Amino acid sequence: MHSHVPTGVRIARNFPKVPVIVHRHNYIKPPSNALSGLRHRWRFHKLAGLIFVSESCKDHFTGNWPVVRTPTFTVYNALDMSTWHPKPEREKVIAFTGRAHPLKGGVELAEALAVVLAERPDWRAHLLVSRSSFFPEIVERMRAVVAPVAGQVTLDTDRPFADVVDLLTSAAIAVVPTLNDEPFGRAALEAMAGGATLVTSINGGLAEVAGDTGIPISPVSADTIARALGPVLDSDELRDDLAKQGLARALDLFDLAPVTDRLDSVYDTVLSTSR
């Protein structure tokens, strides 16, 4: 059962001979009070296992629910890397693909771009902002901030995923400036799969996705983003080296084959224990 613990528990209660695993794609909140903790602990004990999409999510759960003995596992999300075709010649473009949300760092990135692009007229930025209707004020703020370098910035909203792939397989750099803890960090993985040099915050699961193949942003602010961008904007060698490392890491750890092998191994472990 993906994500929804109560449904997984109901299935386990109705089919007691069938081991049920809940595969979580985000963090499980800690108990709000003692009674809530007891109720949810009983629920977790009905499950044969819990799979999390990052060590960050798993450690968050085990730290907040130390009395739960349900087996826990980490299985990363995956991409079908055979469908990604990075272009060998990269455009001098800084890419952003993220939701219109205060915690996605779009405004902070826009503030940084206003500085770094003004100093580098041969570079451009292309911002693909999704779910723009959720926080339209974020999009308007981003447009206002980059106004001084508007000729170097393209800001599009709610484009199809094919446009995301086209951008990430051609842009030289991709920035993931998320402010909060990411359960996994798919935007970072997509950037790596596309062959872009990754500049990213290292909050939550993002650190596990990027490893040491990206330029870290910590903490996230307009100033730290600008400082992180500087070295890769000004060094072709560093940029190319990091992009190659990122693509190799995506192929090695996050392609469908190794991830499904890991998932099968977890299923086998749970089944053998249940028997």
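Is G195 buried or exposed? G195 is buried, at a relative accessible area of 11%; buried here is under 20%, exposed is over 50%, and partly exposed falls in between, with a 1.4 Å probe and protein chains only.

Before I go on, this is a predicted model, where local features need pLDDT of at least 70 and side-chain atom pairs count only at pLDDT 80 or more, while totals for chains, interfaces and linings use all residues. Residues are numbered from 1 along each chain as its sequence is written, and side-chain values use heavy atoms, with hydrogens and water left out.

Back to G195. G195 sits in the loop between α7 (186–193) and β8; helices (H or I, at least four residues) and strands (E, at least two) are DSSP runs numbered from the N terminus. Setting aside neighbours within four places in sequence, G195 is in contact with P86, R90, L168 and A243, contact being heavy atoms within 4.5 Å.

Now the sheet. Six strands form an open sheet in the order β6-β5-β4-β7-β8-β9, with parallel pairing; two strands pair if DSSP finds at least two bridges between them. β6 (153–157) and β9 (215–217) are at the edges with a single partner strand each, so one side of each has no neighbour in the sheet. Inside the sheet, β7 (residues 171–176) and β8 (residues 197–201) run parallel and are joined by 4 bridges. T197 in β8 is the bridge partner of I173. Helix α9 (residues 222–234) lies across β4 (91–99), β7, β8 and β9, and runs at about 170 degrees to β9. Axes are lines fitted to C-alpha atoms, for helices over the stretch in contact, and angles run from 0 to 180 degrees between N-to-C directions.

Next, packing. The largest nonpolar core has 42 residues, of which F44, L47 and F61 touch the most other members. A nonpolar core is a set of buried Ala, Val, Leu, Ile, Met, Phe, Trp, Tyr and Cys residues joined through side-chain atoms within 4.5 Å. α7 gives the most to this core, 5 residues. A second, separate core of 36 residues includes I138, A172, V175 and I217.

The largest cavity holds about 40 Å³; a cavity is a set of points on a 1 Å grid over the protein atoms alone where a 1.4 Å probe fits but cannot get out, and lining residues have an atom within 4 Å of a point. Its lining includes L168 and V175, and β4, β7 and α7 each supply at least two lining residues.

Methods:
1 Å grid on protein atoms, 1.4 Å probe; cavity = no way out; pocket = protein on both sides within 12 Å on 5 of 7 lines; lining within 4 Å. Points joined across faces, edges and corners; volume = space filled by probe spheres on them.
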